[in-house]
Amino acid sequence: MSTPSPHGRSRFTALAVALAAAASTFTLASCSSDDDASGSSSVTGRLPAPDTASFSGAVPSALKSAKASVRAAASAAASSASAAASAFEASVSAEVERANKAAQTELAKVDGQGNAMSDVAMTGKPRSETGGLLAVVVTITNKTDKQASYAVQVDFLDSSGKVVETRYVGAEDLDPGEKAQPLAVSRKPQEPVLTPKLAKAQRY
């Protein structure tokens, strides 16, 4: 077996270096290509697809919870409105209730509209102040020159003109020129809307 000359060994070494360099370049190019492909999502702003296997149903549960909260809030609001209405009715004193019953008793004796229709006027009271109830301020003015008591009947009519509720209010021992402003409060639901009407007014 012959031994290669020094010149031959140099050429062989140079060829091996060149092949190694070429292989290194190919490897770097492959890595660069792989990095570009895998990194394309960060360059374009696209996010990787979510792992659907990890979904636990938390979103539907959250929606149900939100709906339940809305229903609870609506129920609380209704309860609050009912409480406000009850509180408003409870604010009517026992003395006023007694006068109202006396008015009902007095009007049972009266035929027609009574003798004091011109002494009475009515104005509506905002529902925001009555807990949502329909209430009428009945202004009674003693236009005579003597002390007098009054009995008033207020009817609440539906859209057809039918009386669906009647309330009585009264004022006792009013001096000449003195005014009283009792409330006639309907206990019917807000719908259908009712219209208050002065039905009777008696001075006694």
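**Notebook: core, loops and confidence**

**Entry 1, the core.** I looked up the largest nonpolar core, which has 19 residues; Val 120, Val 138, Ile 140 and Val 152 touch the most other members. A nonpolar core here is a set of buried Ala, Val, Leu, Ile, Met, Phe, Trp, Tyr and Cys residues joined through side-chain atoms within 4.5 Å. Buried means under 20% relative accessible area, exposed means over 50%, and partly exposed lies in between (1.4 Å probe, protein chains only). I noted that β2 (135–141), β3, β4 and β7 each supply at least two residues of this core. The largest share, five residues, comes from β3. Strands (E, at least two residues) and helices (H or I, at least four) are DSSP runs, numbered from the N terminus. In soluble globular proteins, nonpolar side chains tend to be buried together.

Residues are numbered from 1 along each chain as its sequence is written, and side-chain values use heavy atoms, with hydrogens and water left out.

I listed the contacts of Val 138 (heavy atoms within 4.5 Å). Leaving out residues up to four places away in sequence, its partners include Val 120, Met 122, Val 152 and Pro 182.

I found Asp 158 in the loop between β3 (148–157) and β4 (163–174). The side chain of Asp 158 does reach the backbone nitrogen of Lys 162, at 2.9 Å. Asp 158 also touches Val 164 and Leu 194, not counting residues up to four places away in sequence.

I checked Glu 191 and Pro 192: a cis peptide bond joins them, with omega about -5°. Pro 192 sits in the loop between β6 (183–185) and β7. Asp 173, in strand β4, has a positive phi of about 55° although it is not a glycine. Asp 173 is partly exposed, at 48% relative accessible area.

I looked up pLDDT, the predictor's confidence in each residue, from 0 to 100. The protein's mean is 76, and 54% of its residues reach 70 or more. Confidence is lowest in helix α2 (residues 40–44), at a mean of 46, and highest in strand β7 (residues 195–203), at 98. Over residues 22–43 the pLDDT is below 50. Where pLDDT is low, the predicted coordinates should not be read in detail.

Methods: This is a predicted model: local features need pLDDT of at least 70, side-chain atom pairs count only at pLDDT 80 or more; totals for chains, interfaces and linings use all residues. A polar contact is a pair of N or O atoms within 3.5 Å; within protein, one must be able to donate a hydrogen and the other to accept it, and residues adjacent in sequence count only if both atoms are side-chain atoms.
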